[in-house]
There are 2 protein chains.
Amino acid sequence: MQDGGKKAKEMTNRQASITDVARLAGVSVGTVSHALNSVGYVKQETKEKILKAAEELNYVPNRAGRILKTRQTRLVMLAIPDTSNEIYFGMIEGVQKEIKALGYSLLLYYTNGELEGELDAVRLLQERVVDGLILVHFSYKQVLLDEIRRCSGPAVLLGMCNHLWAGAGHPFDTVSIDVYSGIYTAVQHLAKIGHRKIGYLAGRRNVDVYGQRFAAYRDALKDAGIPYREEYVYWNDWTQMGGYSGGRTLYQMKDRPTAICASNDLQAIGCWEAVRDLGGKVPGDIALTGLDNLNICKILGITSFDMKENLMGTEAARHLMSRLSGSQMSYQDLYFRPEIQVRDSSLYTL
Amino acid sequence: MQDGGKKAKEMTNRQASITDVARLAGVSVGTVSHALNSVGYVKQETKEKILKAAEELNYVPNRAGRILKTRQTRLVMLAIPDTSNEIYFGMIEGVQKEIKALGYSLLLYYTNGELEGELDAVRLLQERVVDGLILVHFSYKQVLLDEIRRCSGPAVLLGMCNHLWAGAGHPFDTVSIDVYSGIYTAVQHLAKIGHRKIGYLAGRRNVDVYGQRFAAYRDALKDAGIPYREEYVYWNDWTQMGGYSGGRTLYQMKDRPTAICASNDLQAIGCWEAVRDLGGKVPGDIALTGLDNLNICKILGITSFDMKENLMGTEAARHLMSRLSGSQMSYQDLYFRPEIQVRDSSLYTL
DNA sequence: ATAAAATATAAAAACGTTTTTAACTCTTCG
DNA sequence: CGAAGAGTTAAAAACGTTTTTATATTTTAT
């Protein structure tokens, strides 16, 4: 029925190389290369002969061979922590647009937000699988910095962070969005409209960027003169599931918070669901803020923060490209600040 | 401040090669290769010398060199049409899990749902940038099939489709989910609860898979004895925006539909928003179905279809892997069927 | 008619690995 | 003590390109 057997056998045949084409066309490999890449002189007649031979043999140049000789891959890698968070789409878009215009292709890599995954991505740069790397990282470990230092190609670090690398003399550009300021502003916002009992959905423990967010929560509380209550902080995961169980827990406390600040939107959404499932209303029964400005927050009316992800991707790509072209020399750190989008979920004043 | 200048210069230095390591350690390159890969005999003392030299030179093996010699990359590519559709996350997860266990790394590629992007992905397989390709495709063009035929490595096609490739003698495995049956069932479901005026959000015109969905809509109407009305069909884009403007348009008609079938969830969500913004209620004023079973549909209570995306990813990867290991011989076509998840949005009976 | 320049091709080197072959040294066993 | 074998390393070949150099041919300018 399916001609599986024959095809499969055919498939194991070695793919034609430039040597095969040269032999069939009766010319040297150098000439074939010239003809196919339109470089140097080659007679029209010869060129046609070569093209015909290439066609006949189904010739496709082997990338590894080419890379080895030319020392460039024309590929750029974007490594993201999480494929279930819409915020990275904007980055992908921004990067894609920028590099495509310069004849590069984009490969995505998925780190799972773990140091090991981030190191894997860096290793692919070291091994020169790609010419450059844009790494959205959650870790701020020395070992990551060390590995990047070993790379001969450029990396740009895209951070959801405050200024941790700054001044460290790191050998790469950074583009960051100051999430610390986002969380700080959220808490401040809630305090300003009268909340004193502010819960916090903290995300995954031991992940550096979530540690920073937590610090922002504590600092903002302190600056607002609100005492810190450990039982109001819920560590779990940065996902919707994490937010759901956090929301459930906090909402069911006897002395429950009047507001909840989630350390990202996925958690805020999960929390929103939990409150609804418990018969509560947002903001009627509890105020809520998120961070990332996901589409669904606009729909559900959850206060959040625009993370300028498209711009971040664009800028990161721009830096990478100018470094690849050898023009840019001194390393730059670029900072953006999240912009609050106040919506119904936090309009509930006490 | 930043030691940009010096570092940048340092960075342009050629990365150390195995030859450099051999020279520094005072041995031959072959021995270095053996030592680093723990192959054959090499004296402990020599091995240590080599390791030390490699460390000192920051040596990282060049992947292109290795690929050229070994003829395998240990990379698998998953090409997806759309990074803003959560349905592909499940696939990514499924594929990742499966191939990682066998020592392969996953690269993602983004096709934008366009033939050109899909061909680009196939070309990367032809050029042997990766050992195998899993392609989620929206196109059903002969040229795509032809290009795949030229590949020396295996491809698995992941389709949101009905049986178009079947029996075509194609040289690849397929894993498909019968979206035709999904849309057909949705319309049937709406008809069964009494709707006779069923609008349709059709997605992007000229995209093959959306053509198939449209056919399902028409067929289901016919089989239910409902006359087709062109003005109830809205072609735009498969995105949330597309759904929004479609919902707006259909809802504002004088003789408006009593139900809307969206060809995917993003459109259903957009439609839901549009109805809400116009002061309408789902399902109070209009019934609604989607397809993909996105998270948000559970939250908003929109009837949708589970697409078994995780299973699809897993199966696709399993097929690819067994073909890479050379064990499987005849090509297989695997079909799944979407499973309806009835929710509030379509509980409104006339 | 000759020299210079332009056109056209072949041959060889190089990129960085792995693998194969060969050779040399040391044990071990009869 | 000699031979077989194991341990150890070097040398060379091969993977598939691109690029450089060399050489031959044709065209153009003097």
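Strands are DSSP runs of E of at least two residues, numbered from the N terminus. In this predicted model, one such strand is β6 of chain A, which spans residues 198-203 and contains A:G203. A:G203 counts as buried because 27 other C-beta atoms lie within 10 Å, where 20 or more are needed. Once its neighbours within four places in sequence are set aside, A:G203 is in contact with A:Y210, A:R213, A:W238, A:S263, A:N264 and A:Q267.

In soluble globular proteins, nonpolar side chains tend to be buried together. Here the largest nonpolar core has 191 residues, and those with the most contacts inside it are A:M77, A:I134, A:C261, B:M77, B:L108, B:I134 and B:C261. Leaving out neighbours within four places in sequence, A:M77 has contacts with A:L107, A:Y109, A:A121, A:L124, A:L125, A:V130 and A:L133. Another core, of nine residues, lies apart from the largest one, and its members include B:A25, B:V32, B:A53 and B:Y59.

The two protein chains also meet each other. Chain A gives 44 residues to this contact, and chain B gives 44 residues. On the side of chain B that touches chain A, the elements giving two or more residues are α1 (4-12), α5, α6 (87-100), β2 (105-110) and α13 (295-300) of chain B. Sorted by class, this side of chain B has 20 nonpolar, 16 polar and eight charged residues.

Next come the DNA strands. Around DNA strand C there are 29 residues, of which A:G30, B:I18, B:G30, B:N62 and B:G65 come nearest. Two or more residues of this surface come from each of α3 (29-37) and α5 (63-70) in chain A, and from each of α2 (18-25), α3 (29-37) and α5 (63-70) in chain B. The surface near DNA strand C is made up of 10 nonpolar, 14 polar and five charged residues.

By class, the surface near DNA strand D holds 10 nonpolar, 14 polar and five charged residues.

How values were computed:
Residues numbered from 1 in each chain as written. Chains lettered and ligands numbered in written order. Predicted model: local features only at pLDDT ≥ 70, side-chain atom pairs only at ≥ 80, totals over all residues. Near = placed C-beta within 6 Å. Helix = DSSP H or I, 4+ residues; strand = E, 2+ residues; numbered from the N terminus. Nonpolar A, V, L, I, M, F, W, Y, C, P; charged D, E, K, R; others polar. Contact = placed C-beta atoms within 7 Å. Buried ≥ 20, exposed ≤ 12 C-beta atoms within 10 Å, placed from the backbone. Core = buried A, V, L, I, M, F, W, Y, C linked by C-beta atoms within 7 Å.
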